[in-house]
Amino acid sequence: HEVEKMFTLKPGRLPQADVKNVIFFVRPKLELMDIIADNVLREDRGRSPQRDFHILFVPRRSLLCEQWLKEQGVLGSFIHREQYSLDLIPFDGDLLSMESESAFKECYLESDQTSLYHAAKGLMTLQALYGTIPQIFGKGECARHVANMMIRMKREFPGSQNSIFPVFDTLLLLDRNVDLLTPLATQLTYEGLIDEIYGIQNTYVKLPPEKFAPKKQGEGGKDLPTEPKKLQLNSAEELYAEIRDKNFNAVGSVLSKKAKIISAAFEERHHAKTVGEIKQFVSQLPHMQAARSSLANHTSIAELIKDITTSEDFFDNLTVEQEFMSGIDTDKVNNYIEDCIAQKHPLIKILRLVCLQSVCNSGLKQKVLDHYKREILQTYGYEHILTLNNLEKAGLLKPQTSGRNNYPTIRKTLRLWMDDVNEQNPNDISYVYSGYAPLSVRLAQLLARPGWRSIEEVLKMLPGPHFEERQQLPTGLQKKRQHGENRVTLVFFLGGVTYAEIAALRFLSQMEDGGTEYVIATTKLINGTTWIKSLMEKLEPAPF
């Protein structure tokens with residue numbers, strides 16, 4: 001479309017570019033409107049030719065933002081003010097995300113359900129493309145809202161009844177707050193650990209460059225690269241597709257096997273005698289070289305991660321997490337957490353552990369909770385009182401109200417803790433956390449077989465309603481399942497999903513006798529750190 005240049009939005013003058021049209025492509029957020037207004041006001045009106053401005057809001061236009069631009073006196077400068085409805089963005093063959101980082105906070109702290117409306121809109125688009133989903137199951141307040149909106153949209157647009165043969169058999173809507181535990185724990189899959197340690201943003205990760213410097217003889221590393229190494233991670237890369245969902249302890253053996261196969265393949269060249277054989281070898285070369293560089297990259301990443309996972313600190317932290325999840329000493333002040341606070345470890349690490357303890361104990365005794373809060377505020381500063389308040393509102397760090405702890409019942413009924421975990425050849429989803437089976441995925445697994453009726457009691461203990469809706473299909477579109485044909489379930493996480501949960505669902509899809517394939521959708525790909533960060537309040541220090 002002849003786009004000359006793309007720039008990241010930032011305050012000040014717009015970069016020089018010899019173009020007629022400038023298009024702002026933004027989320028409808030007020031703080032971004034200030035930057036845009038600044039850009040427009042600094043534009044040199046004397047220059048010729050004059051540049052025309054346009055603005056595209058993603059995914060919806062916002063009256064508030066337009067009003068704000070009007071108050072800054074720049075609304076009239078925009079010739080086109082449109083919206084671009086990008087709801088669900090495909091991240092991989094089986095993964096869609098809305099990448100709305102504030103969705104959890106908006107839904108649970110601010111009672112702002114805009115993101116749920118976008119989720120329902122996205123699901124309607126999906127149904128327009130892939131047929132009406134006959135069965136909807138859900139658990140949680142937000143899930144109920146989304147289902148209601150979908151049913152209402154269907155009623156209001158009678159034209160949305162399409163004649164496409166349905167691809168999905170079932171939609172499962174899950175609230176993040178039904179399972180607050182899973183994101184707080186450290187993910188132990190390869191992809192999960194990359195995300196925990198380096199942060200994966202929109203399938204890209206930035207890594208310390210030292211490990212990726214090409215080794216040249218005799219140079220003694222005088223000019224090491226300083227720019228972080230940026231890699232894209234998705235299933236298009238064969239090796240990554242194979243190891244991304246494995247427990248990290250099972251990755252090393254795969255990498256060494258691959259190394260042997262690749263070096264054997266390169267050795268073949270000595271055996272190529274005839275022109276035909278040489279030609280065949282040359283035709284495979286690009287694929288082999290790609291495989292070799294892919295292997296080199298992942299070996300480097302695995303070394304970086306191993307340095308961390310073998311550290312004492314990682315081990316101590318994991319030990320405490322696993323004690324909490326298996327129900328050991330969740331009701332008293334934890335020594336390790338106290339030591340970490342005293343040594344002023346990163347605040348987010350402390351908050352993750354304290355919240356984990358609270359969730360595994362259905363809330364903390366008031367005395368324990370007050371002790372933690374006091375320690376945190378005195379060590380890290382009183383401005384964090386708002387953050388603690390947010391965590392309480394979200395149900396992450398709260399006093400035990402009912403006086404009894406439901407977690408052990410939930411843990412036993414749903415088999416959330418498995419003692420004998422096989423990390424190399426797993427037989428259960430608990431391998432993704434080396435012992436803990438993600439509650440959210442267990443719910444999906446039990447829904448497929450034997451159905452939720454078997455766990456009514458536990459479902460009542462978890463927050464929010466659970467429900468089932470059926471959507472009528474026009475005659476002739478009802479599925480007659482062939483023998484041995486898998487059902488397809490779309491699991492939509494409202495409020496975010498972790499890579500370990502995705503790995504667990506992929507594991508269920510691959511099970512021989514599973515009978516269900518999963519496609520995953522979410523408002524945002526999260527880990528414990530980004531999730532807690534989204535709930536933290538930044539208090540600006542007073543100007544005087």
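In the predicted model, the largest cavity lies between domain 2 (89–181 + 438–531) and domain 3 (194–215 + 226–310), because both domains give residues to its lining. This cavity has a volume of about 50 Å³, and the count of cavities of 30 Å³ or more comes to one. The lining is formed by F91, D92, L95, E191, I200, T203, L233, N234, R244 and Y499. Sorted by class, these lining residues comprise five nonpolar, two polar and three charged residues.

The domain assignment of the protein also gives domain 1 (21–83) and domain 4 (313–405). Between the centres of domain 3 and domain 4, taken over C-alpha atoms, the separation is 39 Å.

Nonpolar packing was examined next. In soluble globular proteins, nonpolar side chains tend to be buried together. The largest nonpolar core of the model contains 139 residues, of which L173, L396, L443 and F492 touch the most other members. Helix α12 (residues 347–359) supplies the largest share of this core, with nine residues. Another core, of 18 residues, lies apart from the largest one and includes F24, M33, C65 and F78. With neighbours within four places in sequence left aside, L443 is in contact with L174, V178, L414, W452, I455, L459 and L462.

H298 is located in helix α9 (residues 275–309). With a relative accessible area of 1%, H298 falls under the 20% limit and is therefore buried. When neighbours within four places in sequence are excluded, the contacts of H298 are Y190, L233, E237, L239, Y240, I243 and L255. One of these contacts, L233, is also among the residues that line the largest cavity.

A37 is situated in helix α1 (residues 30–41). The relative accessibility of A37 is 3%, and this residue therefore counts as buried, the limit being under 20%. Beyond its neighbours within four places in sequence, A37 is in contact with Q72 and V74. A37 and P11 stand 26 residues apart along the chain, and their C-alpha atoms are separated by 8.8 Å.

Note on methods: Residues are numbered from 1 along each chain as its sequence is written. This is a predicted model: local features need pLDDT of at least 70, side-chain atom pairs count only at pLDDT 80 or more; totals for chains, interfaces and linings use all residues. Side-chain values use heavy atoms; hydrogens and water are left out. On a 1 Å grid over the protein atoms alone, a cavity is a set of points where a 1.4 Å probe fits but cannot get out, and a pocket is an open set with protein on both sides within 12 Å along at least five of seven lines; lining residues have an atom within 4 Å of a point. Grid points are joined across faces, edges and corners, and a volume is the space filled by probe spheres set on the points. Ala, Val, Leu, Ile, Met, Phe, Trp, Tyr, Cys and Pro count as nonpolar, Asp, Glu, Lys and Arg as charged, and the others, Gly among them, as polar. Domain bounds come from an automatic or database domain assignment. A nonpolar core is a set of buried Ala, Val, Leu, Ile, Met, Phe, Trp, Tyr and Cys residues joined through side-chain atoms within 4.5 Å. Buried means under 20% relative accessible area, exposed over 50%, partly exposed in between (1.4 Å probe, protein chains only). Helices (H or I, at least four residues) and strands (E, at least two) are DSSP runs, numbered from the N terminus. Contact means heavy atoms within 4.5 Å.
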